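Biologist: I've just opened this one and I'm new to it. Could you walk me through how to read it?

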Amino acid sequence: MLDALTDRQWMWAAGACYLAGFLAGIVSIRRGGRPSGLVMYALIAAGYVLQVFGMAVRGRVVAGCPLGNAFELCQFTAWSAITLYLIVGVTFRSSLLGFFMCGLGAVLTLASLSLPALDATRRSHVFGGNAWIEFHAALALFSYGVLALLALTSLLLLFRLHSLHSKHLGGWFSLLPSVVDLDQIGVRLLTSAVGLLAASLAVGSVYWLRDTSTVTGPKLLLTVTVWCAAAATLALRLRGRLLGGKFAWFCVALFAAAMLSLGAVNASRRPIPAPRTAMRS
């Protein structure tokens with residue numbers, strides 16, 4: 001079954017599902033209604049399954065976790081965020097979160113597919129057969145997926161705060177969760193991201209201390225900086241010194257910084273030309 005389509009074709013289909021969910025949500029909101037939580041969840045789940053098939057095909061080709069170029073890093077980040085949403089999204093009780101998750105999934109999936117340069121090289125055996133290094137990389141990228149979901153909930157918090165300050169409580173603003181709920185969700189997600197990234201850095205440091213030449217300076221600096229920024233943001237929030245809109249903006253900035261750091265991660269690897277079949281879509 002997996003061989004019936006190429007990896008990119010599976011991912012195009014996944015992106016189409018995410019985009020369909022986002023467009024369906026826009027139609028519902030424009031009609032003055034609430035995006036259907038069931039429809040959102042079903043389309044996200046369908047896209048997720050298709051994306052898993054695509055990543056499985058890519059994983060078989062590269063003989064490992066598909067994290068060898070910028071395209072694969074974007075796909076894995078989208079997959080991580082959606083994995084977390086499918087596990088705990090129901091507890092958020094917000095169909096708008098599903099709507100925004102469809103938008104994020106569509107952007108990360110379709111944008112990376114639409115830029116051939118991101119997938120111009122394909123690397124096999126990226127981690128040299130070392131399962132622990134592969135686990136380290138997967139943990140780091142999964143924590144970035146958590147930061148993606150955190151950025152979405154932070155945007156919802158900013159919208160809620162704007163509606164309260166401007167006294168626009170009707171329309172689609174009425175669909176937003178309360179400030180307290182969004183703030184609590186944000187704290188939990190940030191705590192999870194800090195913990196996952198710390199675990200990833202701990203695993204990676206064991207091998208880096210054995211041979212410091214295995215990691216480039218920019219990659220090490222940026223990844224550690226992202227973790228320090230996330231940990232500092234969490235500490236300030238728990239101490240009550242970073243609240244409301246400021247906390248939300250910091251969380252959005254953390255996700256942006258994490259995505260920018262992926263460039264250094266990808267640049268730290270030697271380019272290996274991809275076979276022509278990798279460009280098929």
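**Reading the fold**

Modeller: From the N terminus on, the elements of the protein run α-α-α-α-α-α-α-α. That comes to eight helices and zero strands, where helices (H or I, at least four residues) and strands (E, at least two) are DSSP runs numbered from the N terminus. Keep in mind that this is a predicted model: local features need pLDDT of at least 70, side-chain atom pairs count only at pLDDT 80 or more, and totals for chains, interfaces and linings use all residues. Residues are numbered from 1 along each chain as its sequence is written, and side-chain values use heavy atoms, with hydrogens and water left out.

Biologist: How do I check the length of a helix, and what span should α1 have?

Modeller: The expected span is 1.5 Å times one less than the number of residues. Helix α1 covers residues 7-30, so its 24 residues should span 34 Å, and the end C-alpha atoms are 35 Å apart, which agrees. Helix α5 (residues 131-166) has 36 residues and reaches 52 Å from its first C-alpha to its last, close to the 52 Å expected. After α5 comes Lys-167, with a positive phi near 60°.

Biologist: Which residues of α1 are buried?

Modeller: Here's the general idea first. An α-helix has 3.6 residues a turn, so residues three or four places apart point the same way. Buried means under 20% relative accessible area, exposed means over 50%, and partly exposed is in between (1.4 Å probe, protein chains only). In α1 the buried ones include Asp-7, Trp-10, Met-11, Ala-14, Cys-17, Tyr-18, Gly-21 and Gly-25. For the protein, buried residues make up 48% of the 281 residues.

Biologist: What is the largest nonpolar core made of?

Modeller: A nonpolar core is a set of buried Ala, Val, Leu, Ile, Met, Phe, Trp, Tyr and Cys residues joined through side-chain atoms within 4.5 Å. The largest one here has 71 residues, and those with the most contacts inside it are Met-101, Leu-104, Tyr-144, Leu-147 and Leu-190. α1, α2 (37-62), α3 (70-92), α4 (95-114), α5, α6 (179-208), α7 (217-238) and α8 (244-267) each supply at least two of its residues. α5 gives the most, with 16.

Biologist: Which residues does Met-101 contact?

Modeller: Contact means heavy atoms within 4.5 Å. Met-101 lies in helix α4 and is buried, at 1% relative accessible area. Leaving aside neighbours within four places in sequence, Met-101 contacts Ile-44, Ala-81, Ile-82, Tyr-85, Leu-149 and Leu-152. The C-alpha atoms of Met-101 and Tyr-85 are separated by 8.0 Å, though the two are 16 residues apart along the chain. Across the protein, among contacts between residues at least 6 apart in sequence, 82% join residues at least 24 apart.

Biologist: Where is Thr-153, and is it buried or exposed?

Modeller: Thr-153 is in helix α5, and at 2% relative accessibility Thr-153 counts as buried. Its contacts beyond four places in sequence are Leu-97, Leu-182, Ile-185, Gly-186 and Leu-189.

Biologist: How many aromatic pairs are there?

Modeller: A pair of aromatic rings is described by the distance of the centres and the angle of the planes. Rings of Phe, Tyr and Trp (its six-membered ring) pair if their centres lie within 6.5 Å; planes under 30 degrees apart count as stacked, over 60 as edge-to-face and the rest as tilted. The count here is eight. One of them joins Trp-10 and Phe-53, tilted, at 4.9 Å centre to centre and 50° between the planes. This pair links distant parts of the chain, with Trp-10 in helix α1 and Phe-53 in helix α2, 43 residues apart. Trp-10 is buried at 7% relative accessibility, whereas Phe-53 is partly exposed at 24%.
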